[in-house]
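I opened this one to see how the chain is put together. My notes follow, in the order I looked things up.

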Amino acid sequence: MKKVRRNLMLFAAILLVLAGCGKPVQPKGEAAKANTEVKKDELSIAIFGGDWGKTIKKHIIEPFEQETGIKVNIIEGNSTTTFSRLLQEKGSPTIDLALMDSGISEMSFEEDVVESIDKSKLKGINSLLPEAFHGNGEEVFGVALGYWGLGIVYNKDEIKNPPKSWNDLWKEEYKGKLTVPTPATTGGLPLLMQIAELEGEAKGTVDKGLSKMKELEVVAYFDGSGTATNLYQSGEASVGAHYGGPAYVMKDQGLPIEFVVPEEGVLGAGSFWHMVKGTKKSEQVYSFLNYATTKNAQEGIASDLYLAPVHKDVELDEKTLERMPYGKNGSIQDLNMPDYNLINQHREEWNELWNREMGS
């Protein structure tokens, strides 16, 4: 019964996120034929789309192809659509390497669709931070692209008393100007759990947190990073939650947007590379991971997406340092990393609770 319930929870979570993110991206051309025959000079990789996809191609995939001669077949999507596809193709995957975020990463290992990573096959391991490796104890199943997080954003032309803490979102002057994430986003349930903790609630329960969230007078809830950006760009929302990278993109576009690291810390998350279970390209996968964790690759990702790098020798300019998810002088250890395993245990329950109390 526990296994059945976990699978029901899993698919309920997938359906919820898909409802917020649209239809999965279906592979075309060479990507659709990946792994139908073993070709030593090819590798099928699932990555994110949009600006993230462009940046990953620029700083990792294209130079990797040039250096190794290995052709990369790209499949674009989000963590959940990739995970859904891995479940459907379990035992006979058409993807060799998959990029997925915190939460989905843990579920992918639990559902046995990704392999353990052999750290001894990574050449530059001594140059990497411990946070480069994601897993359970000594067992590693993810290698970090980088770390990011959910913080507070405000429009400095509209908000004269900037927020400093998550608790500040309940200020009277912010009513009707707010946006916060639904559970359909990576940061939605971590934020709900954070508010529950601030309300003195025991871990594993969010009733008090949800009651507190209901007191917010929001313009809208957002179910994806793009939706949040649109709300701030249009002026409908002038304060609330958002992810650091997209917030700084808006600032670079000339919008009066500021990103705040809350007193409680940014709600951290990571994006991780996973070797798909059943791939026949493990040698090529390790070759790619070796390149993706080089100093040059990590510097490019950090500079363009403002992801915290995991290579010890990365050199960042002053602007990029200031835009790290933990602030200019912090480190990955300063991120407030939610317990994603605990969140996954309650994902179905909390999604249902949110939909019942807040509306889908």
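Predicted model: local features only at pLDDT ≥ 70, side-chain atom pairs only at ≥ 80, totals over all residues.

**Whole chain**

I started with the accessible surface of the chain, which comes to about 15,800 Å², with 46% of that belonging to carbon and sulfur atoms. Areas are from the Shrake-Rupley method with a 1.4 Å probe, and for residues only the protein chains shown count as cover.

Residues are numbered from 1 along each chain as its sequence is written, and side-chain values use heavy atoms, with hydrogens and water left out.

I then looked up burial: 56% of the 360 residues count as buried (under 20% relative accessible area; exposed is over 50%, partly exposed in between; 1.4 Å probe, protein chains only). For contacts (heavy atoms within 4.5 Å), I found that 73% of those with a separation of 6 or more are between residues 24 or more positions apart. The secondary structure comes to 13 helices and ten strands; these are DSSP runs numbered from the N terminus, helices being H or I with at least four residues and strands E with at least two.

**Strand S10**

How many residues of strand S10 are buried? I get nine of the nine (residues 267-275), so the strand is largely enclosed by the rest of the structure. I checked both faces: Leu267, Ala269, Ser271, Trp273 and Met275 are buried on one side, and Gly268, Gly270, Phe272 and His274 on the other.

Next I went through its neighbours, where pairing takes at least two DSSP bridges between two strands. S3 (residues 97-101) pairs with S10 in the antiparallel sense over five bridges, and Met100 has Phe272 as its bridge partner. S5 (residues 139-155) is also antiparallel to S10, joined by seven bridges, with Gly146 opposite Ser271.

I followed S5 on to S4 (residues 133-136): four bridges, antiparallel, with Phe133 standing opposite Val143. Their hairpin has two residues between the strands, and Gly137 takes a positive phi near 65 degrees there.

**Helix H3**

Buried residues in H3 include Ile56, His59, Ile60 and Pro63. After the helix comes Gly69, with a positive phi near 80 degrees.

**Aromatic rings**

I count eleven aromatic pairs (ring centres of Phe, Tyr and Trp, its six-membered ring, within 6.5 Å; planes under 30 degrees apart are stacked, over 60 edge-to-face, the rest tilted). Phe109 and Phe141 are stacked, 4.4 Å centre to centre with 10 degrees between the planes. This pair links distant parts of the chain, Phe109 in H5 (residues 104-110) and Phe141 in S5, 32 residues apart. Both Phe109 and Phe141 are buried.

Tyr248 and Tyr306 are edge-to-face, 5.6 Å centre to centre and 70 degrees between the planes. Tyr248 sits in H9 (residues 244-252) and Tyr306 in the loop between H11 (295-305) and H12 (318-322), 58 residues apart. Tyr248 and Tyr306 are buried too. Last entry: ring pairs link Phe48, Trp52, Trp148 and Tyr243 into a cluster.
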